[in-house]
Amino acid sequence: MDYRIGKRFSFDAAHHLEGLAPGHKCARVHGHTYTVEVVLTADRLSEPGFVTDFGDLAPFSDFLDKHFDHRDLNEMINVPPTSELVATHLAHWFIDNLEPLIPGRLVSMRVAETPGSWAEYTPPGRD
């Protein structure tokens, strides 16, 4: 693929992680301002010269706002809400629900809990 674009989104949510060592701070309920970055690719551009019009990604923003913003992630997804597994969950939603409607193709989904730490999921065969 020759072209790539990225777009960042954010939401605020709480979570906790089970199975950690006693006293681990992430075992307690706590919150983050999450940043989600999607990277899309295409081998040719759609008119007027886009991989995907950034406006066409609005349904993903709406999904985050409705299902993740100001929520407890432990109640929203069926896996431990680590950044890695949240990225995987969001990538699968994107591929299933939005990718069929846009010209670009998802390459990776990155989720950051803080400005200095992130996790990235690349669906099989898309690197």
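In which strand does H15 lie? H15 lies in strand β1, residues 3-15.

The model is predicted: local features need pLDDT of at least 70, side-chain atom pairs count only at pLDDT 80 or more, and totals for chains, interfaces and linings use all residues. Residues are numbered from 1 along each chain as its sequence is written, and side-chain values use heavy atoms, with hydrogens and water left out.

**Figure 1. The whole protein.** The protein has 3 helices and 5 strands. Helices (H or I, at least four residues) and strands (E, at least two) are DSSP runs, numbered from the N terminus. Along the sequence their pattern is β-β-α-β-α-α-β-β. The C-alpha trace spans about 55 × 25 × 25 Å along its principal axes. Of the 127 residues, 41% count as buried. Buried means under 20% relative accessible area, exposed over 50%, and partly exposed in between, with a 1.4 Å probe and protein chains only. Among contacts between residues at least 6 apart in sequence, 65% join residues at least 24 apart. A contact means heavy atoms within 4.5 Å.

**Figure 2. The annotated binding site.** The UniProt annotation "binding site", from an unreviewed entry, covers H15, H30 and H32. These residues span 18 residues in sequence, yet no two of their C-alpha atoms are more than 8.4 Å apart, so they gather at one spot. UniProt positions are given in the numbering used here, feature names are shortened, and annotations may be inferred rather than shown by experiment. H15 is buried, with a relative accessible area of 1%. Not counting residues up to four places away in sequence, H15 touches R28, V29, H30, H32, Y34, D72, L73, N74, P81 and E113. H30 lies in strand β2, residues 30-42. With the neighbours up to four places away in sequence again left out, H30 touches A13, A14, H15, H16 and K25.

**Figure 3. The annotated active site.** For "active site", UniProt lists C26, H70 and E113, again in an unreviewed entry. Are C26 and H70 buried or exposed? C26 counts as buried, at 18% relative accessibility, whereas H70 is exposed, with a relative accessible area of 63%. C26 is found in the loop between β1 and β2. Leaving aside residues up to four places away in sequence, C26 touches H16, L17 and L20. C26 and P81 are 55 residues apart in sequence and 11 Å apart in space, C-alpha to C-alpha. H70 sits in the loop between α1 and β3, the latter being residues 71-72. Apart from residues up to four places away in sequence, H70 touches D12 and A13.

**Figure 4. Backbone details in two loops.** H70 has a positive phi of about 55 degrees although it is not a glycine. The peptide bond from E47 to P48 is cis, with omega near 5 degrees. P48 lies in the loop between β2 and α1.

**Figure 5. The crossing of helices α1 and α3.** Two packed helices are described by the angle between their axes and the distance between the axes. The axes of α1 (residues 58-67) and α3 (residues 83-97) come within 11 Å and cross at roughly 135 degrees. That makes α1 oblique to α3. Axes are lines fitted to C-alpha atoms, for helices over the stretch in contact, and angles run from 0 to 180 degrees between N-to-C directions. Angles under 35 degrees count as roughly parallel, over 145 as roughly antiparallel, 65 to 115 as roughly perpendicular and the rest as oblique. The crossing of α1 and α3 is right-handed. A crossing is left-handed if the near helix is turned anticlockwise from the far one by less than a right angle, and right-handed if clockwise. On α1 the contact is made by P59, F60, F63 and L64, and on α3 by L90, W93 and F94. By class, this contact has 7 nonpolar, no polar and no charged residues. Ala, Val, Leu, Ile, Met, Phe, Trp, Tyr, Cys and Pro count as nonpolar, Asp, Glu, Lys and Arg as charged, and the others, Gly among them, as polar.
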